Amino acid sequence: SILSLLILHGREKRWFIGAFDAAVRKMGLDCVQIPYNVYGNKSDGQANGCYSNYLQMNGVIFVLFLNIKEDAEVIKKIESIFTKFTVTAVESNAIANDGRVLNCIAWNIKT
């Protein structure tokens, strides 16, 4: 089966998005665009708005919830991609302010 890859869009140049999309499709992956809104962050080190950094674990997709307008669109798209998973939104501003998001803080979890 073909895997889905979430690509980012925001203020990137149109040519970059097209080139990225073509490269990913050449690898046999499907692309789905999701919002990428890091532009209001106070520093380059913050990850607020970087929705592609979700966590998949035990039949659940944990996705960022940042209390910004893009949240609802991202959750809806993630649910449409991962139909066999339960999608759970997790308020993530505190860790995103520190430059991390969900899968970054889960690497040390033992199963």
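**Ser 92 and its surroundings**

Tutor: Start with Ser 92, which touches Leu 64, Phe 65, Leu 66 and Leu 102, leaving aside residues up to four places away in sequence. Keep in mind that this is a predicted model.

Student: Where does Ser 92 lie?
Tutor: Ser 92 is in the loop between strand S5 (86-91) and helix H3 (93-97).

Student: Is Ser 92 buried or exposed?
Tutor: Ser 92 has a relative accessible area of 1%. Buried means under 20%, so Ser 92 counts as buried.

Student: Which backbone oxygen lies 2.6 Å from a polar atom of its side chain?
Tutor: That of Val 90.

Student: Let's zoom out. How many helices and strands are there?
Tutor: The protein has 3 helices and 5 strands. Reading from the N terminus, the order is β-α-β-β-β-α-β-α.

Student: How many residues are there, and what share is buried?
Tutor: There are 111 residues, and 34% of them count as buried. The accessible surface is about 7,300 Å², with 54% of that belonging to carbon and sulfur atoms.

Student: What about contacts between residues at least 6 apart in sequence?
Tutor: Of those contacts, 65% join residues at least 24 apart.

Student: Now the inside. Which residues touch the most other members of the largest nonpolar core?
Tutor: That core has 17 residues, and the ones touching the most other members are Tyr 51, Ile 61, Val 63, Leu 64, Ile 78, Phe 82 and Val 87. Strand S4 (60-65) and helix H2 (70-81) are the elements that give two or more residues to this core. H2 supplies the largest share, 4 residues.

Student: Pick one of those. What does Val 63 touch?
Tutor: Not counting residues up to four places away in sequence, Val 63 touches Tyr 54, Val 74, Ile 75, Ile 78, Val 87, Thr 88, Ala 89, Val 90 and Leu 102.

Student: What follows H1?
Tutor: Gly 28 does, with a positive phi near 90°.

Key. Residues numbered from 1 in each chain as written. Predicted model: local features only at pLDDT ≥ 70, side-chain atom pairs only at ≥ 80, totals over all residues. Heavy atoms only, no water. Buried < 20%, exposed > 50% of the residue type's maximum accessible area, 1.4 Å probe, protein only. Contact = heavy atoms within 4.5 Å. Areas by Shrake-Rupley, 256 points an atom, 1.4 Å probe, with all protein chains shown as cover. Core = buried A, V, L, I, M, F, W, Y, C linked by side-chain atoms within 4.5 Å. Polar contact = N/O pair within 3.5 Å; in protein donor to acceptor, adjacent residues only side chain to side chain.
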